[in-house]
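Take a look at the model below.

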Amino acid sequence: MRELPVARITEAVERLCMNACYHLPADVKDAVERCRACEDGAIAATVLDQIIENYRIADRENVPICQDTGMACVFLEIGQDVHLVGGDLSEAVHEGVRRGYVNGYLRKSVVSDPVRRGNTGDNTPAMLYTEVVPGDRVKITVGPKGFGSENMSAIRMFKPSAGLQGIRDFILETVENAGANPCPPVVVGVGIGGTFDKAALLAKKALMRPLDIRNSDPFYAELEVEMLDKINELGIGPQGFGGKTTAIAVNIETLPTHIAGMPCAININCHATRHQTEVL
């Protein structure tokens with residue numbers, strides 16, 4: 001049994017919050033730049049050029065890619081042979097977020113009550129998702145999630161009779177209804193299966209997958225490519241000004257589900273699909 005002080009998790013979460021807000025993952029940058037090379041509309045090309053310039057400045061100056069530094073979504077894969085010592089795990093994560101947002105001068109966007117509001121002042125609490133896995137390591141992924149895109153997300157409890165076409169139509173409908181609100185070009189995370197809540201989590205986890213890695217099941221890998229093409233045919237374009245690039249990727253994750261259902265959730269992210277990972 002390997003012991004791991006929770007203080008190390010706090011330190012890692014602090015680093016990851018800042019790095020995720022400052023530095024866009026290479027796969028996301030590559031996807032944007034590939035789209036720019038194919039974009040021939042003058043306005044769309046200019047917008048993509050500005051997006052590229054923006055993340056290059058953020059890299060160079062260590063400043064946030066976007067003013068909305070998001071709600072901290074923290075995914076923990078905890079090895080079953082790890083013994084966490086020295087404090088409470090959840091509090092260790094929240095403290096890491098607190099330090100990251102305060103010390104990194106990141107915007108604090110969390111309110112303490114969904115109806116009565118009131119800013120917490122330090123972007124806590126984090127949204128914490130834990131999973132026990134084999135091994136003696138802890139994998140931490142921090143994905144700051146802005147709400148311009150989060151607000152455009154959706155879930156639908158399909159009956160099995162809706163079939164694949166129902167899912168196709170739902171994805172297109174959700175992106176089309178979102179329009180320019182989620183700051184396209186977007187990344188579309190799709191979760192199919194499980195239960196009401198699990199489908200939504202799958203959709204969010206789909207956004208953490210590198211954009212150059214397709215679903216391991218050829219059926220869903222093909223669907224990812226098909227839906228990306230169909231979304232880009234909508235013509236919404238970068239920032240809603242029209243063009244070929246409404247989305248840079250569609251990532252689909254699935255789980256088994258009940259015989260009577262086919263839950264489907266869609267979690268949209270803007271072009272600043274931020275996530276950083278560290279293994280302790």
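Which residue's side chain does the side chain of Thr141 join in a polar contact? The partner is Thr277, and the polar contact between the two side chains is 2.8 Å. Keep in mind that this is a predicted model.

Thr141 sits in strand E5. Buried or exposed? Thr141 counts as buried because its relative accessibility is 10%, and the cut-off for buried is under 20%. Leaving out residues up to four places away in sequence, Thr141 touches Cys73, Val74, Phe75, Met208, His275, Gln276 and Thr277.

Now compare Asn151. This residue lies in the loop between helix H5 (147-150) and strand E6 (154-158). Asn151 counts as exposed because its relative accessibility is 54%, and exposed means over 50%. Asn151 and Asn269 are 118 residues apart in sequence. In space, their C-alpha atoms are 9.8 Å apart.

| Residue | Relative accessibility | Class |
|---|---|---|
| Thr141 | 10% | buried |
| Asn151 | 54% | exposed |

Next, the core. The largest nonpolar core has 24 residues. Ile9, Val74, Leu76, Val97, Val138 and Ile140 have the most contacts inside it. Helix H1 (6-22), strand E2 (71-79), helix H4 (89-103) and strand E5 (138-145) each supply at least two residues of this core. H1 gives the largest share, 8 residues.

A second, separate core has 23 residues, among them Val175, Leu228, Cys264 and Ile266.

Notes:
Residues numbered from 1 in each chain as written. Predicted model: local features only at pLDDT ≥ 70, side-chain atom pairs only at ≥ 80, totals over all residues. Heavy atoms only, no water. Helix = DSSP H or I, 4+ residues; strand = E, 2+ residues; numbered from the N terminus. Buried < 20%, exposed > 50% of the residue type's maximum accessible area, 1.4 Å probe, protein only. Core = buried A, V, L, I, M, F, W, Y, C linked by side-chain atoms within 4.5 Å. Polar contact = N/O pair within 3.5 Å; in protein donor to acceptor, adjacent residues only side chain to side chain. Contact = heavy atoms within 4.5 Å.
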